[in-house]
Amino acid sequence: MTATAPHQKARALKPGSPRPAKALCSECGLCDTYYIHYVKEACAFLNQQIADLEAKTHGRSRNVESEDDWYFGVHQEMMAARKQEPIPGAQWTGIVSSLACEMLTQNLVEGVVCVQNTPEDRFQPQVVIARTPEEVLAAKVNKPTLSPNLSVLEAVEQAGLKRLLVIGVGCQIQALRAVEKQLGLEKLYVLGTPCVDNVTRAGLQKFLETTSRSPETVVHYEFMQDFRVHFKHEDGSTELVPFFGLKTNQLKDVFAPSCMSCFDYVNSLADLVVGYMGAPFGWQWIVVRNQTGQEMLNLVRDQLDVQPVHSQGDRRQAVQQSIPAYDQGVTLPMWAAKLMGVVIEKIGPKGLEYARFSIDSHFTRNYLYLRRQYPEKLEAQVPEYAKRIVAQYKLPPT
Ligand SMILES: Cc1cc2nc3c(=O)[nH]c(=O)nc-3n(C[C@H](O)[C@H](O)[C@H](O)COP(=O)(O)OP(=O)(O)OC[C@H]3O[C@@H](n4cnc5c(N)ncnc54)[C@H](O)[C@@H]3O)c2cc1C
């Protein structure tokens, strides 16, 4: 149970004004509230403190002897799951939305912090405190842009909410856990998704225009386990673009500097994480981090098909080869990219090994980025588990 304590306040920043984390700000929303008072300790990019917060939240931090712990964080169970009746229009099968609806209808929580979109733009995030299942369902599907989820924390307190579910990505959840004790809640539930390569709304536009045949009709996309980006269009058609055909040279600066400096891909501090990358194609990947997460999952268990996680293949060579290729912005001609996609889908890493492939590729890339752009931050910003992961590979000289 979270303690109630009077908290300190400071004046929230005005939209568009410089942020304490400067270029590394991920726009998590904390600085839009009076909880900015705590930003120096709470911001994921000013004070990386994952191990300490893991110990406070889950009762322990990662076990250095366990490779699964370094990669996937503290957990008591992992599985692959999908809804027996998927929610149409959800990002995957809608486990996240179903869980949030169930928590409201069973009265476990009074509100859910989630991300709808603005009326004008399907990808522009609009953070809300949903009080009904309809409002939760209106937040289904990713808005693949930086989103100020914590900007509603003042409104949570003003509304007198005591039991709250927050849905969010790693940087948002790290700051949330850091101020959790100040929120005056009786119970906070955290439902996280993995997150990587996020972008500003302008960056998203550049990504869509560089990569999709019809950027204006994209309603949904995902970097899938078959090594292709799947774009879904308004007319229901799917467009597949192999990872190896992405125009890396044009996209190198599209990702937010915060995401290039992040090592919390798997959302270490959520109670329950719902992603896809450790599961077979078409299934979602569930990581139960603690007892609260277990209780949350139990609410929807009877709506799910479930299977154990598995792991197949060896990612290491593919990761090692991708490091200089990304660094030099190599882009293959489309025929070669498609061919490579077909081959790697047949013989490449699957299940948890695919998740490790994705973590290794992003951590090595981000480590190089920090080492070059923010060398003074490298030591403190990279958690121990990430240093171990990166140390498995040979990196180019600075
Ligand atoms: C930016 C982003 C990147 C992701 N990258 C990966 C990845 O690399 N690997 C992986 O395994 N999984 C990733 N995920 C998670 C995955 O894409 C699905 O969101 C997850 O599996 C839940 O699917 P669902 O059908 O249950 O969700 P739905 O039922 O469709 O619900 C989606 C939920 O996401 C929330 N949301 C939407 N946009 C944002 C946002 N910008 N910030 C915070 N919350 C948001 C909404 O509030 C909504 O509740 C990412 C998610 C996001 C938001």
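Q: What should I know before reading the numbers?
A: The model is predicted, with local features needing pLDDT of at least 70 and side-chain atom pairs counting only at pLDDT 80 or more, while totals for chains, interfaces and linings use all residues. Residues are numbered from 1 along each chain as its sequence is written, and side-chain values use heavy atoms, leaving out hydrogens and water.

Q: How many residues surround the ligand, and which are the closest?
A: The ligand is surrounded by 33 residues, and the closest are Trp92, Ser97, Val141, Lys143 and Tyr276; a residue is near a molecule if one of its heavy atoms lies within 4 Å of it.

Q: How much of the ligand does the protein bury?
A: Taken alone the ligand exposes 920 Å², and the protein buries 98% of that, with areas from the Shrake-Rupley method and a 1.4 Å probe.

Q: Switching to the whole chain, how many of its residues count as buried?
A: Of the 398 residues, 57% count as buried, meaning under 20% relative accessible area (1.4 Å probe, protein chains only).

Q: What box do the C-alpha atoms fill?
A: Along the principal axes, the box is roughly 60 × 50 × 45 Å.

Definitions and conventions. Buried means under 20% relative accessible area, exposed over 50%, partly exposed in between (1.4 Å probe, protein chains only).
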